[in-house]
Protein chains: 2
Amino acid sequence: MSMSSRFSYSLISQDGLARAGVYHTPHGDIPTPIFAPVGTQATVKSVTPVQLQELGASLVLSNTYHLYLRPGEDLVSEMGGLHEFMQWPGPILTDSGGFQVFSLAGIRKIDADGATFKSHIDGSMHRLTPEKSIDIQQKLGADIIMAFDECAPPNDRAYNEQALERTTNWASRCLQAKNRDDQALFGIVQGGVFEDLRIKSAEWTARQPFDGLAIGGLSVGESKDEMHAVLDAVCPLLPQDKPRYLMGVGTPEDLVNGIRRGIDIFDCVLPTRLARHQSAMTLRGRVNMLNAANARDPRPIDETCACYTCQHFTRAYIRHLISAREMLASTLISIHNLYTLLRLVRLCREAIIGNRFDTFAEDFLSQYNHPKHEKL
Amino acid sequence: MSMSSRFSYSLISQDGLARAGVYHTPHGDIPTPIFAPVGTQATVKSVTPVQLQELGASLVLSNTYHLYLRPGEDLVSEMGGLHEFMQWPGPILTDSGGFQVFSLAGIRKIDADGATFKSHIDGSMHRLTPEKSIDIQQKLGADIIMAFDECAPPNDRAYNEQALERTTNWASRCLQAKNRDDQALFGIVQGGVFEDLRIKSAEWTARQPFDGLAIGGLSVGESKDEMHAVLDAVCPLLPQDKPRYLMGVGTPEDLVNGIRRGIDIFDCVLPTRLARHQSAMTLRGRVNMLNAANARDPRPIDETCACYTCQHFTRAYIRHLISAREMLASTLISIHNLYTLLRLVRLCREAIIGNRFDTFAEDFLSQYNHPKHEKL
């Protein structure tokens with residue numbers, strides 16, 4: 001199926017390669033650049049949908065692999081689709097299941113047609129093909145759905161050549177299989193750290209009638225320089241009038257470095273995962289909230305932050321919750337961490353619109369994790 | 001110290017022995033009868049203060065024993081007291097630590113002066129006396145604080161006689177020790193299941209300059225009939241112009257049965273503890289949310305309920321969260337369970353004011369856990 005007329009990307013402002021825009025979807029507008037909180041199992045861990053709205057989330061991601069295995073796409077569909085099921089009224093993106101099949105599940109067999117794998121939950125055998133992935137994602141009903149791709153180890157040339165061939169072939173089959181016009185289908189550029197493979201993949205994918213383009217297979221073990229080289233090679237080849245999504249990334253630095261190279265959409269489990277490990281994110285670096293220095297600290301996690309957590313709670317209280325193994329610790333730190341990344345992309349967007357993104361990015365990167373702030 | 005002028009109980013309406021009133025405190029008015037959610041470690045488990053406010057909580061309880069051991073009353077005091085520390089703007093009640101010392105900690109020695117015990121956290125040795133308990137509670141800064149008492153096994157006569165003597169003696173010392181006038185001190189009636197001991201304790205406690213009266217040592221293994229007999233014997237002896245608090249109780253039936261006998265205040269960990277064990281409370285009985293019957297059920301936990309959880313989420317979704325071990329399950333069920341008990345006391349209050357409490361109570365009790373509703 002060709003592009004859906006129910007989605008469109010408006011470029012508001014460009015500053016260098018950095019873009020500020022709006023992606024219009026049936027469930028609302030997404031200001032870009034944007035960071036998407038991850039709700040792997042149809043819930044952003046330890047946060048309610050209302051809390052997510054209050055902290056300013058726009059796009060939320062959920063995982064096809066997980067929802068296919070539990071509770072199953074038919075049940076989600078019966079319940080009115082993912083928006084109704086998880087009660088997220090805004091835009092949702094589902095990945096294709098590809099990444100999880102190759103990273104979480106026990107792969108049994110990959111062939112030209114698809115992948116057979118073992119569930120990480122109960123060891124049962126399953127098979128995903130491009131058609132099956134699209135079918136599941138159509139039943140889940142997210143606004144943005146992803147082509148089924150093969151994620152290869154980033155530095156293995158021979159593997160990446162073969163995987164790219166399959167990914168390309170599967171992308172065509174995904175375009176064929178998709179038939180809902182209230183969903184946008186994004187293609188995925190693969191090719192590991194190999195510039196020529198990435199260029200080949202980007203050029204081919206850019207020519208297909210996808211609604212948006214994603215860059216996959218990064219933040220999986222390659223160096224930052226390698227990641228940046230891939231973005232430098234790929235982004236200029238992507239169409240200006242479609243959104244670009246850097247999958248599974250990342251850290252505050254990754255966001256700024258990605259935006260600088262022309263990325264519009266990011267997602268990552270980092271904010272909520274770090275929260276469950278007592279680590280708070282700030283625009284200067286991470287803070288281990290269990291650190292003894294916080295025990296009697298009456299300050300919020302971040303004195304410059306306007307999130308619910310920072311507007312109400314002291315470091316001392318949050319540290320107490322962690323020591324006492326109270327679930328509220330995860331909730332409060334998750335709210336703060338998600339807010340911090342959403343705040344960062346908002347600051348980036350304002351800087352792009354104000355034509356001062358380069359200065360903003362330089363300042364940000366020079367202050368992030370600077371030794372002078374390491375006590376933060 | 002005598003009664004604090006900063007607290008007062010207004011009786012609005014009486015229907016039989018059931019009372020509807022308002023307890024005025026420095027942190028706001030408490031409509032009675034009321035159920036107090038328990039925030040053992042300065043947090044009502046898995047619920048934020050804003051969520052607590054939204055579900056209609058008024059009085060919140062916290063535990064002296066736990067906060068004394070961790071993070072320590074001095075730290076809480078340094079952070080501005082318990083209201084500031086946990087960011088609960090409404091009234092707070094702290095227990096004396098007595099119950100936990102006798103139930104949770106390893107008791108080493110009880111003497112006329114106090115109790116020596118072993119921390120359940122790290123095995124360290126500690127000592128609580130009436131003076132120490134009041135000192136801790138004054139540092140914590142709750143609105144309502146409790147006399148330090150000895151909780152005896154309810155059916156051991158000799159033990160209860162001795163414990164009551166100590167409790168009486170300790171109560172006088174608590175009255176002596178207390179010196180903050182922005183805190184109300186409640187005395188506790190003890191005496192196990194023994195009517196004569198309970199009457200003796202009630203008569204003595206009622207004569208003391210306490211701001212309110214509590215009934216302790218119930219819901220600890222005695223039968224429902226024994227609990228009701230104690231309430232029948234004690235309540236008529238308590239002053240009309242002070243609030244009456246039935247400690248650690250309870251279930252929906254216990255609330256209605258207590259209110260019917262003249263109780264104003266209840267607290268219990270049940271709603272949040274049941275939530276963590278996948279059990280939802282309704283005005284008809286409990287629902288095991290993990291039950292397979294809920295897997296494809298598009299209804300909320302309780303179709304008559306106006307809580308955030310029931311207004312948004314299906315049983316199917318909540319069951320999915322439980323199966324997937326997602327923390328949000330605890331949060332959503334906790335919100336619902338707390339709302340249900342607050343809804344129940346509100347319905348009781350309206351029935352008392354409308355002079356139809358007996359009918360309400362009969363109807364409620366005849367429908368609660370009725371076989372016809374057991375599928376609920």
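Student: How do strands β2 and β3 of chain B pair, parallel or antiparallel?
Tutor: Antiparallel, over five bridges, with β2 covering residues 18–25 and β3 residues 28–32 of chain B. Two strands count as paired if DSSP finds at least two bridges between them. Helices (H or I, at least four residues) and strands (E, at least two) are DSSP runs, numbered from the N terminus. This is a predicted model, where local features need pLDDT of at least 70 and side-chain atom pairs count only at pLDDT 80 or more, while totals for chains, interfaces and linings use all residues. Residues are numbered from 1 along each chain as its sequence is written, and chains are lettered from A and ligands numbered from 1 in the order in which they are written.

Student: How many residues sit between β2(B) and β3(B)?
Tutor: Two, and the two strands form a hairpin. Within the pair, B:H24 stands opposite B:D29.

Student: OK, what's the strand order in the open sheet of chain B?
Tutor: The eight strands run β4-β14-β13-β12-β11-β10-β6-β5, with parallel pairing. β4 (34–37) and β5 (60–62) of chain B are at the edges with a single partner strand each, so one side of each has no neighbour in the sheet.

Student: Which residue does B:I145 face?
Tutor: B:L185, in β11(B). β10 (144–146) and β11 (184–189) of chain B pair in the parallel sense over three bridges.

Student: Switching topic: how many residues does each chain give to the contact?
Tutor: Chain B gives 30 residues and chain A gives 30 residues. Residues are in contact if their C-beta atoms, placed from the backbone, lie within 7 Å. On the side of chain B, α3 (73–78), α4 (82–86), α13 (315–323) and α14 (328–353) give two or more residues each. The largest share, five residues, comes from α13(B).

Student: Where is B:I318 in all this, and what does it touch?
Tutor: B:I318 touches B:M289, B:I301, B:F313, B:A329, B:L332 and B:I333, leaving out residues up to four places away in sequence. B:I318 is also among the residues that touch the most other members of the largest nonpolar core, which has 241 residues. Such a core is a set of buried Ala, Val, Leu, Ile, Met, Phe, Trp, Tyr and Cys residues joined through C-beta atoms within 7 Å.

Student: And what counts as buried?
Tutor: Buried takes 20 or more other C-beta atoms within 10 Å of a residue's own, exposed takes 12 or fewer, and partly exposed is in between, with C-beta atoms placed from the backbone.

Student: Which residues of α7(A) are buried?
Tutor: Among them are A:L164, A:W170 and A:C174. The buried residues of α7(A) pack against α6 (130–140), β11 (184–189) and α8 (195–207) of chain A.

Student: Where are the cis peptide bonds you'd point out?
Tutor: One runs from A:V249 to A:G250, with omega near 0°, and A:G250 lies in the loop between β13 (244–246) and α10 (252–260) of chain A. Another runs from B:R70 to B:P71, with omega near 10°. B:P71 is in the loop between α2 (64–69) and α3 of chain B.

Student: Is A:Q278 buried or exposed?
Tutor: A:Q278 is buried, with 20 other C-beta atoms within 10 Å. A:Q278 also has a positive phi, near 65°, and is in the loop between α11 (270–276) and β15 (279–281) of chain A. A:Q87, by contrast, is partly exposed, with 19 such atoms within 10 Å.

Methods: Two residues are in contact if their C-beta atoms, placed from the backbone, lie within 7 Å.
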